[in-house]
Amino acid sequence: MKQIERIKEFDGWLERWQHESTACQCTMTFSVYLPPQAATQKLPVVYWLSGLTCTDDNVRVKAGAQRYCAELGLILVMPDTSPRGEDVPDVPERYDLGQGAGFYVNATQMPWATHYRMYDYVTRELPALVEANFPATPGKRAISGHSMGGHGALVCALKNPGMYASVSAFSPICNPVVSPWGQGCFGAYLGDDKKAWEAYDATCLVEAGAPLPPALIDHGTADEFLAEQLYPQNLQAACAARGIPLTLRMQEDYDHSYHFIATFIGEHLAFHAQAMAR
């Protein structure tokens, strides 16, 4: 790994790293915030998955999460949203497919299958790197994300029982098989078999019997994507049908932006800290 940035914040350190990824077959970048407690002890880790068009930079600049991580003693890991590079396939005229839009799946269709393996990257390669190179408590993990990243966080938690103590999301795409964003990317990355799509759909996974760790989801009632892309009511109904507890909060007048995330990120991080302390 190669460190490319180090900035002091709230008596801890915000670092940016690059490494050659086995999963994605390219150079990957991620940021990590190490709170002051990390200087003397191992700490639990929250993984944050960002949304369409984002890199690791959006959350670390806009969310205000580092202050809360310093108070709570949490390491925050922020990967990129997709593989990148000249050899990595892309559709430059589209923001919702290709680079910046990995959707946290393992692509099976060419030309995507070689590089677009963000599910393996987030659930296997990155945690191994973090626990080998930073003062992270092994197995003390939680996961969160926004929009496409909220979809990714929910799917990673549902497909890996016991890996994460808790999961949370802001404005997640809860049922991507019926969402235009999900349909566009799943068709390209996974092909025409709708059953393959369901393996990366939180609502479908709950309906199929997957267990869900303690979960907190926030949506804004003024979110311009709520009705046509996000479908939280479908996930809520699937959880209710199985008797799975789900805290789904509809926050009045909030939108899809980082203004919304910054307002409630402290509550989400406290939720994770409490879950990992149990």
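The charged end of Lys 159 sits over the ring of Tyr 200, at 4.9 Å from the ring centre; here a charge counts as over a ring if NZ of Lys or CZ of Arg is within 6 Å of the ring centre and within 35 degrees of the ring normal. Lys 194 likewise lies over the face of Trp 197, 4.9 Å from the centre of that ring. The model is predicted, with local features needing pLDDT of at least 70 and side-chain atom pairs counting only at pLDDT 80 or more, while totals for chains, interfaces and linings use all residues. Residues are numbered from 1 along each chain as its sequence is written, and side-chain values use heavy atoms, leaving out hydrogens and water.

Turning to ring pairs, 14 aromatic pairs are counted, where rings of Phe, Tyr and Trp (its six-membered ring) pair if their centres lie within 6.5 Å, and planes under 30 degrees apart are stacked, over 60 edge-to-face and the rest tilted. Phe 30 and Phe 134 make an edge-to-face pair, with 6.3 Å from centre to centre and 80 degrees between the planes. This pair links distant parts of the chain, 104 residues apart: Phe 30 belongs to strand S3 (residues 26-34), and Phe 134 to the loop between helix H3 (118-133) and strand S6 (136-145). Helices (H or I, at least four residues) and strands (E, at least two) are DSSP runs numbered from the N terminus. Phe 30 is buried, at 0% relative accessible area, and Phe 134 is buried too, at 9%; buried means under 20%, exposed over 50% and partly exposed in between, using a 1.4 Å probe and protein chains only.

Tyr 254 and Phe 264 are also edge-to-face, because their ring centres are 5.1 Å apart and their planes stand at 70 degrees. Tyr 254 is partly exposed, at 28% relative accessible area, whereas Phe 264 is buried, at 9%. Both belong to a cluster in which ring pairs link Trp 48, Phe 170, Tyr 254, Phe 260 and Phe 264.

Beyond its neighbours within four places in sequence, Val 77 is in contact with residues including Phe 30, Trp 48 and Leu 126, contact meaning heavy atoms within 4.5 Å.
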